[in-house]
Amino acid sequence: MFKQDLDPSALTDCRKTILSSEKRLSHRSSIVREAEMKKLTGAQIVWESLVREGVKFIFGFPGGAVINLYDELMNYPQIKHILVRHEQGAIHAADGYARSTGKTGVCLVTSGPGATNVVTGVTTAFMDSIPIVILTGQVATNQIGNDAFQEADIIGITRTCSKHNYLVKNTTDLAGTIREAFQIASTGRPGPVLVDLPKDVITGESPFNYPAKVQLRGYTTVTNGHPGQVKLAIREILKAKRPVIYAGGGIINSGGHKELAELAEIARIPVTLTLLGLGGFPANHPLFLGMLGMHGTYAANMAITNCDLLIAIGSRFDDRVTGKVEAFAPSARIIHIDIDPSSISKNLTVDVPIVGDAKNVLSRMIERLKEHGDFWKATRGPWLKEVGRFAEEHPVHYELSDDVIKPQFVIEQIHQLTKGQAIIATEVGQNQMWTAQFYQFTQPRTLLSSGGLGTMGYGLPAAIGAQLAFPDRIVFDIAGEGSFQMNVQELATAVQYQLPVKVAILNNQSLGMVRQWQELFFDKRYSETSLASQPDFAKLAEAYGAAGLRADHPEEVVPCLEKALSIQGPVVIDFHVDPEEKVFPMVPAGHGIDQMILAKPRKRIRKVVPLTFPS
Amino acid sequence: MKNTISILVENKPGVLARIAAMFSARAYNIDSLAVAETMDPTVSRITCTAVGDKLEIEQIMKQLRKLIDVIRVINFTTANGDFITREMALIKVNAQAKNRVEIMRTSDIFRAKIVDVSHESLTVEVTGDENKMNAILELLKPFGILEIARTGQVAISRGSKRLIDRQQVPIKKPGRAKKPQQNKH
């Protein structure tokens, strides 16, 4: 046996086969290399790069500066382009796609007006930390600065409202820049990255070599929390008698929702979420307090006010959350976990800062806390009882009516009919706050809403983006008639691609949230908030080729929703709701969050937050 | 308080605009600014002075670090260790015959140079820290200052430490060496 193994001829045979297979392999890789080194046009490089980034959908609108890119696109059937009807629709759709999937959204627009039309969307994504790569056309490099046709200094315009932006000046830099853009957009605290593509860069040629990873010496992200700081945090948690967790969008972005639930359970800490955090902790969980802040629940706001330890996770103490900063968690020690160091101690000073990815830091904290067993038993009882009492005293509620549709009722019915499994996009204003209060989100990435910037017109395109990513799921846009009209043209996009998005308009014939402020704080002087002059939305939907429904009476709500769900394509349902209905609780601007205006307790109320704390 | 901040940035077009835009978008003030290439042509060094309370300056530092093109930032005013600052100014002084000697003597005291002369004026070149600049200006004022061109502050740390090197490790005090071990558990 040994001899045979050592037989030189056998060895040579063996080597020969290895060599030949190696040769074949190297031959094949040389073909690849050849193809990669073969000169490609800038347009080809853009699409090749996007293919390598795994991009399946791109939302865009063509124009002169990007016409070469669109021409080349016809050779890339693996990338599906969604033609929107306004560039703002493109970026919001990419945003909705990114929020619902966690992947980087991509949009492509032309120079000048195409580029300026996406600025609102760039800022929206920047404020909410959403990964998007925006490709904008630009006039040729030799024309930049000459006030050429459809020229806009989009790099200058978006400098402070994007995570980063690039003007590509040479076709040779194109592939590397696109790689950098995707890397920056999707890592650390995610955000929009804009890449400006002058026409001559797109038409020029260069060898194509796509780098796997780029090293950026000015860009480092800390993902693991400092062990010393984690230890300090654990010490605070062990000491605390009245702790509260306040989590935001960072929980969704990091995918740390399971860890959040585990931490809350093993340490028996009640949880409140920001608007962007909703879905990061199940709304039907006994430890859930509801949303906090300006329109937060009584339980959440009172728990924050009375807590002795606040654990902020992936949230940035936004003014809509804190109200008057001095009155926010006034007697609490604060632990703040965030991936962005500049979020820490920005609005108020924290005691234990932990820079890191929420998921990583939480799993470390869980490991440590497990060593302490049922430490909470000794102290937690009275606090949970107190918080439970808050929830019972003033649950989020509204008065049911037999005559007029209550907007909250519509949202509850949507929740019931979709079994809480739908993806919900919202517009901005009362519709958004009612959705946050009355749709019980149990899974992450099911609420798509513009929180930081509060962009009206966000919901419909975002719903379109999400529906593309999840063709089998029910996607609703809960809208107001004001916001809906800001990007109503995207109905044409939904119809063109047969995306069965359901738009539920809570039509109160006014800009409801502003009207609510005018009623409460401006002596009912309703300055320019009436939208009584409006189209017939059902007919409008039909004109676009979608289905249109209308409901005026509470009894019609459920049949209307059922019918909408049975229709294959996009549907607009115009619910004419009670125009006097307001969002409560409400913290007036400049007040502490315990200074809520509450809805008056009424006879026929619906409890929404079921709080039965485990003892 | 005035803070002297040094920033190493990628030497790319638009980087200065990025930094200036961050300051203006977040309503921070830059008092002075000086920019030039370093020994490494891919890196530029920006020195700026900014006024603000502790929290504000901390935010400025964090926001600067957050910029992708910023490689390293140091606030000399709050960092450990001593540092040197210098400014340069060209001061055009009204110089009638009777004042000429006096102006030149004042310049000598400040080790400033006369770099241009005309029948009615002398131009003085002076370098030094902020206090020295203010002092010479104060002394030249009575003669009548016609025009002044002054640079922003530049700053560098004393000793062999360089800004481009990795984060400077604070010097360990004796007896504190045990602490990191405790953190392991």
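Start in chain A by selecting Pro407(A), Gln408(A), Ile411(A) and Glu412(A), the residues of H18(A) that meet Trp434(A), Thr435(A) and Phe438(A) of H19(A). Here "contact" means that the C-beta atoms of two residues, placed from the backbone, lie within 7 Å. Colour this contact by class and you get 4 nonpolar, 2 polar and 1 charged residues. (Ala, Val, Leu, Ile, Met, Phe, Trp, Tyr, Cys and Pro count as nonpolar, Asp, Glu, Lys and Arg as charged, and the others, Gly among them, as polar.)

A quick note before moving on: this is a predicted model, where local features need pLDDT of at least 70 and side-chain atom pairs count only at pLDDT 80 or more, while totals for chains, interfaces and linings use all residues. Residues are numbered from 1 along each chain as its sequence is written, and chains are lettered from A and ligands numbered from 1 in the order in which they are written.

Now show both helices whole: H18 is residues 407–417 of chain A and H19 is residues 430–438 of chain A. (Helices, H or I with at least four residues, and strands, E with at least two, are DSSP runs numbered from the N terminus.) How far apart are their axes? They are 9 Å apart, and the helices pack at an angle of about 50°. (Axes are lines fitted to C-alpha atoms, for helices over the stretch in contact, and angles run from 0 to 180 degrees between N-to-C directions.) H18(A) and H19(A) are therefore oblique to each other. (Angles under 35 degrees count as roughly parallel, over 145 as roughly antiparallel, 65 to 115 as roughly perpendicular and the rest as oblique.)

Next, select H14 (298–306) and H17 (380–393) of chain A, which pack at about 145° with axes 8 Å apart. On H14(A), the contact uses Tyr298(A), Ala299(A), Met302(A) and Ala303(A); on H17(A), look for Val387(A), Phe390(A), Ala391(A) and Glu393(A). That contact has 7 nonpolar, no polar and 1 charged residues.

Zoom out to colour chain A by its domain assignment, automatic or from a database: domain 1 (39–207), domain 2 (227–393) and domain 3 (407–576). Between domains 2 and 3 of chain A, 13 residues of domain 2 are in contact with 14 of domain 3.

Last stop, chain B: strands E1 (2–10) and E3 (43–51) pair antiparallel over 9 bridges. (Strands pair if DSSP finds at least two bridges between them.) Pick Ile5(B) and its bridge partner in E3(B), Cys48(B).
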